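Subject: Structure handover

Hello,

Here is the structure I promised you. Please open it next to this message as you read.

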Amino acid sequence: MAKDLISRKENYSQWYNELVMKADLAENSDVRGCMVIKPYGYSIWEKMQAALDKMFKDTGHVNAYFPLFIPKSFFSKEASHVEGFAKECAVVTHYRLKQNAEGKIVVDENAKLEEELIVRPTSETIIWNTYRNWIHSYRDLPLLINQWANVVRWEMRTRLFLRTAEFLWQEGHTAHATKEEAIVETRKMLDVYAEFAEKWLAIPVIKGVKTESERFAGAIDTYCIEGLMQDGKALQCGTSHFLGQNFAKAFDVKFTAKDGKQDFVWATSWGVSTRLMGALVMAHSDDNGLVLPPKLAPIQVVIVPIYKSDEEFEKVNNKAIIIKNKLLEKGISVKYDNRDTHKPGWKFAEYELKGVPVRVAIGPRDVDNSTYEVARRDTLEKKIYTEDNVIESIVALLDDIQENIYKKALKYRNENIHIVNNYDEFKNIINSETGGFVSAHWDGTAETEAKIKEETKATIRCIPFESNSESGVCVYSGKPSKQRVLFAKAY
RNA sequence: CGGGGUGUAGCGCAGUUGGCUAGCGUACCUGCUUUGGGAGCAGGGGGUCGCAGGUUCGAAUCCUGCCACCCCGACCA
């Protein structure tokens, strides 16, 4: 079998790479560090976009678009922000090419830009520079804007979806009259992300706050949702930042309040990226290929006809078209694969690899018996349904698959949060093959955090919102601690 | 940016002690037989052997330089 995958157990990261490519989600392009998102993969991203976009609109946000290029000077206005991104910025220095004496295309050195342009790694600076002109009064607030865009971060080592030089994302940027309102917004959008992760991606996530060293460059606080992949490594699935008045001060964005006093506005920003595609693959898929949650699957049901003769095809085809139309009427996305260039067995394997949640096979026997063979991708179970219940059964099955893969991921996640009370236990878990989260006491210092990272490669993924404060002693330093935090090796 | 490795058909590889027409699997095209879990047989197309120089009667093979990509580290969503 040509498309056989390596198993997860044998080599997890190779399994991931092969799967992304063989399932036609994306491939490496000839541009170093940049991927091509293929139609099947992009279709999943579009479904994610549609769901998120609706959630943003439902919470009062509107979309806009800001420039790809940012004047270099904008970056230097917020000190920690520039420090955070300086090392991975692509810079545009010239605006023209020319042919040299040998006829080769070269950069025209006479066309040097007076001020270099940075390809946005994130848009805070251009957006706050623009907001200065839009915000004058408390009546202009809150300003709740989202942008769907590409960004560039010049990465040394890249992996499809997880880390590429260019990626797609959305970034929300909001302005508020009060600190409290901005913090509420930051939390609200984190909740939107968590709901999206759990209801759509079917990935359970832990909400929490980042430590100072893991915080977004320029933020007062960074909130995050953390998911656990099947190899026991954590993946940040979304972040939401409370920016305080940092950017308002850097870009002089002031408003006049009801009482006539001037003040800087309070800001948030929040984003999720095509990295979620990687999360989706790594959270659910198996050694046979992708397992997609029905809510995000480009094709929810595939119908495969089985026949020998033209007469058999005729009968099978009629039956297939009828059920296809009935499923379409229920709002289900259906593909009827009646190509005669591939055999049924080939199609079965292909759609399993591509994670199509439900497969309906119709052959001569089904025509004779008024039945359908229905297979579900998550468990690979096959069942025979009859004419009178097949449609309702498939509708219910899609919901069941969505629910089932979430529950499976939740069970796995919960079984892999390990509460530890000393450093030996800590290292045992972190270094074990199964990995997972370690819930441990930490003394709150960046020094301890750095030492642990150096010695174990584990980082503090977040300080969970929901962990009850409980005093103890730091697993590393033995100093007093007020709360357990979550450690893990991470992507 | 440090350490290691690899460049030969779309993809995966063999050939590399200098030798004649560059090969295998897969994918692709044609035909026939097939079709309830990645079909079989027969025929066919596809290569400036990473690039540039050099040695030689003769270079994928030896020498020199360059380039690209991959893996392992440091940085990161």
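Below is what I found, taken region by region.

Please keep in mind that this is a predicted model.

**The sheet**

Three strands form an open sheet, in the order E4-E8-E5. The pairing is antiparallel. Strand E4 covers 69-71 and strand E5 covers 91-94. Both stand at the edges with a single partner strand each, so one side of each has no neighbour in the sheet. Neighbouring strands here are turned by 40° against each other on average, direction ignored.

Strand E8 spans residues 112-119 and pairs with E5 over 3 bridges, in the antiparallel sense. To see this pairing in the model, look at valine 92: its bridge partner in E8 is leucine 117. As background, strands of a sheet pair through backbone hydrogen bonds.

**The cores**

The largest nonpolar core has 76 residues. Which of them have the most contacts inside it? They are Leu25, Met48, Phe161, Leu201, Phe426 and Phe487. A second core is separate and has 26 residues, including Phe216, Ala217, Leu243 and Ala248. In soluble globular proteins, nonpolar side chains tend to be buried together.

Not counting residues up to four places away in sequence, leucine 201 touches Met48, Phe196, Leu276, Leu280, His284, Pro293 and Leu296.

Helix H2 runs over residues 39-58, and helix H6 over residues 179-201. They pack at an angle of about 145°, with their axes 11 Å apart. The crossing is right-handed.

By type, the contact residues divide into 11 nonpolar, no polar and 1 charged.

**Serine 439**

Serine 439 lies in strand E23, residues 437-441. Is serine 439 buried or exposed? Its relative accessibility is 10%, so serine 439 counts as buried; the cut-off for buried is under 20%.

What is serine 439 in contact with, leaving aside its neighbours within four places in sequence? The contacts are Ile417, His418, Ile419, Val420, Arg484, Val485 and Leu486. Leucine 486 is 47 residues from serine 439 in sequence. In space, the two are 4.6 Å apart, C-alpha to C-alpha.

Best wishes

Methods:
Residues numbered from 1 in each chain as written. Chains lettered and ligands numbered in written order. Predicted model: local features only at pLDDT ≥ 70, side-chain atom pairs only at ≥ 80, totals over all residues. Heavy atoms only, no water. Pairing = 2+ DSSP bridges. Helix = DSSP H or I, 4+ residues; strand = E, 2+ residues; numbered from the N terminus. Axes fitted to C-alpha atoms, helices over the stretch in contact; angles between N-to-C directions. Core = buried A, V, L, I, M, F, W, Y, C linked by side-chain atoms within 4.5 Å. Buried < 20%, exposed > 50% of the residue type's maximum accessible area, 1.4 Å probe, protein only. Contact = heavy atoms within 4.5 Å. Left-handed = near helix turned anticlockwise from the far one by under 90°. Nonpolar A, V, L, I, M, F, W, Y, C, P; charged D, E, K, R; others polar.
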